[in-house]
Amino acid sequence: MNVNDIKHAKLKKWILDFAELTTPEQIVIADGSSAQYDELIASQIADGYCVALNPEKKPHSVAYNSDPSDVARVENRTYIASKTKEAAGPTNNWIDPVALKETMTDLYRGSMKGRTLYVIPFSMGPLGSPIAKIGVELTDSIYVVLNMMIMTRVGTKVLDLLGTDGYFVPCYHSVGKPLAEGESDNGQWPCAPLEHKYISHFPETREIWSYGSGYGGNALLGKKCLALRIASVLARDEGWLAEHMLILKITSPEGKSRYVTGAFPSACGKTNLAMLIPTVPGWKVETIGDDIAWMKFGDDGRLYAINPEAGFFGVAPGTSLQSNYNAMKAAEKNTIFTNCAVTEDKDVWWEGIGYDAPGPVIDWLNNEWVQDKSNKDQKPAANPNARFTAPAAQAPSIAAEWEDPKGVPISAILFGGRRPKTVPLVHMSHDWNHGVFLGSIVGSEITAAALDLKVGTIRRDPFAMLPFCGYHMGEYFQHWINIGKAAKDQSKLPKIFYVNWFRRDENKHFIWPGFGENSRVLKWVFEACEGTAKTVDTPIGVMPSIDAIDRPEGVTEAQMKELLEVDIDGWLAEVADIRENHYPKFGDKLPKELSVFLDQLEANLKAAK
Ligand code: GTP
Ligand code: SPV
Ligand code: MN
């Protein structure tokens, strides 16, 4: 298909105008066919951008190494360019949209020289679903085309759906590395220096302009840019929720199923929870989604969630057959690996894969790397934010209904993060608004999923949406409160929980074994939804009684007590920090309800002291 065959006049003009600005050699439409995918992969292998993996180990799969400067999202180069700074709020980088468009237009001028402009028509959500949104990404990165083909629903069928005048979210992307006459990348990952990178969102006009990075959420624009930052604005305006959440289905030994979503910050365990294999006998967990949930009320007054994505862009390090069997299976074929190590027999390897490196490997920096377990300071062979891009349908745990256009009804919402202290294994809110309070105060240790932040330090990451909310976070809190008010029947709203798998002992070891053992907590959550859970009231909310959750192997009675205890002084320090450093940021946009909950929490803690 040729660009001139496009029947949507506005779309065609938009493509041709961008081509005129960026001056690519040619324009190619991503038609969504496997023939085109294979052709593009073959060209990438031939040009040295990636290596073909051993078909006996990882059929139909490749491994890329990115530029060392382009390995994760760049939060300090990510912009919400609303008309006013106030609309973007205190937690987003704001730039004036007019000035930004001027700057970026200059950067885009000639930026695709020597390259091909690919047109990627994509649908977030099952094609034609009333909840789905269509976007079109223009990019000069074949890596982006290939990843989008796994992560979203791409192709001419999307153009058919658009017809002659359908609505699409326009998304520009360029790696920002024009080629001079006769110049080639020589297989090097193309990108621009940090100061030229821009991941920009125009919430009022629903546009995305990305420049300079080829990696993950910076470049696969359906994901964080459309499905979270732009969608959060649409959701606010249209009365639904666009969230950084996994979606799972849990089934009890009696055969009763419930659906649970969970918002944890980047690299804090969503993919793992969505795919876990329960250690509690008789229970079953299946996967609907691992990163993003769009939730709307159904006619029955319940909140229904869909996964707008079609693949997993999962963290590789730490993923093993023991920790996440389903992810390993999902990524055993038809997968793109990025910044993993490659073994001599052309398989991938990473830290925490469950076995030692089988001989020397080529590390993510393209150097030979020999494992030295005596050297605790050895640099890792895989980048800590190395990822696999795998089709969701390949996970053995995928639920039959994962593409149901009406979504699945949600019984429980979990919030969480990495907290070495203070926050217990699990507690439940008293009601929806109290749950909104819990979401608003979430904090977490920073992980390698963003480039420009100090790994390990704790920051507040409300609703795990700090880097992904397209508007004022105070208004976002209010929107959550409004959704609760809009429920026809309060008793049908999901129950809200705050979980923490990441408590550490004095030797910095995790106290809770996590992964499959998290099913013990999911079981309690399930029982709380049924009204059969053993609970105690505490100053912070409703908690399991000490015998409510069976102790996993390796956790002592004293440790279990510690995991389920309310650390009064720790929580008082938490309250003080929220009061001094967190809530004041939102000014008069902070919903009154939330400061009342904070006062109440402080009073409860003082009374218990
Ligand atoms: P994004 O894709 O960045 O949004 O991350 P995510 O929230 O899906 O995180 P993921 O499940 O990929 O986990 C990130 C890292 O945390 C991996 O190295 C996991 O092995 C580790 N992890 C996940 N769950 C647990 C857990 O229950 N306990 C411990 N200790 N580590 C976990
Ligand atoms: C995250 O950082 O939350 C991710 C990875 O899911 S990325 O797609 O790069 O944003
Ligand atoms: Mn994520």
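What follows is a conversation that sets values from the model against the definitions behind the labels.

Mentor: This is a predicted model, in which local features need pLDDT of at least 70 and side-chain atom pairs count only at pLDDT 80 or more, while totals for chains, interfaces and linings use all residues. Residues are numbered from 1 along each chain as its sequence is written, chains are lettered from A and ligands numbered from 1 in the order in which they are written, and side-chain values use heavy atoms, with hydrogens and water left out.

Trainee: Which residues coordinate the manganese ion (ligand 3), and at what distances?

Mentor: Lys 224 through NZ, His 244 through NE2 and Asp 291 through OD coordinate the manganese ion (ligand 3) at 2.2 to 2.3 Å. Donors are N, O and S atoms within 2.8 Å of the metal (3.2 Å for Na, K and Ca), and because water is not among the atoms, sites may look incomplete. Along the chain, the donors of this manganese ion follow the spacing K-x19-H-x46-D. Lys 224 in helix 8 (residues 222-238) and Asp 291 in the loop between strand 14 (284-289) and strand 15 (293-297) are a pair that links distant parts of the chain, 67 residues apart; helices (H or I, at least four residues) and strands (E, at least two) are DSSP runs, numbered from the N terminus.

Trainee: Why is the site of the manganese ion (ligand 3) called octahedral?

Mentor: Six donors count as octahedral if opposite donors are over 155 degrees apart and all others between 65 and 115; four donors count as tetrahedral if all angles lie between 85 and 135 degrees, or as square planar under the rule used for six, and anything else is irregular. The site of the manganese ion (ligand 3) has six donor atoms with angles of 73 to 174 degrees among them, and it is classed as octahedral.

Trainee: Are Lys 224 and Asp 291 buried or exposed, and what makes them so?

Mentor: Buried means under 20% relative accessible area, exposed means over 50%, and partly exposed lies in between (1.4 Å probe, protein chains only). Lys 224 has 6% relative accessibility, so Lys 224 counts as buried, and Asp 291, at 9%, counts as buried too.

Trainee: What makes Arg 153 and Glu 403 a salt bridge?

Mentor: A salt bridge is a side-chain nitrogen of Lys or Arg within 4 Å of a carboxyl oxygen of Asp or Glu. The closest N and O atoms of Arg 153 and Glu 403 are 2.8 Å apart, and the pair forms a salt bridge. Arg 153 lies in strand 7 (residues 153-154) and Glu 403 in the loop between strand 23 (387-391) and strand 24 (408-416), so this pair ties together parts that are 250 residues apart in sequence. Arg 153 is buried at 10%, whereas Glu 403 is partly exposed at 36%.

Trainee: How many salt bridges does the rule give?

Mentor: The count comes to 39. Another of them joins Arg 258 and Glu 530, with the closest N and O atoms 2.7 Å apart. Arg 258 is in strand 13 (residues 257-263) and Glu 530 in helix 13 (residues 519-530), so parts that are 272 residues apart in sequence are tied together. Salt bridges that share partners also join Glu 86, Arg 206, Arg 236, Asp 237, Glu 475 and Lys 589 into one network.

Trainee: How do you know how many disulfides there are?

Mentor: A disulfide is a pair of cysteine sulfur atoms within 2.5 Å, and by this rule the count comes to zero. The cysteine sulfur closest to that of Cys 50 is in Cys 340, at 13 Å, which is too far for a bond. Cys 191 is likewise in no disulfide, since the nearest cysteine sulfur, that of Cys 50, is 16 Å away.
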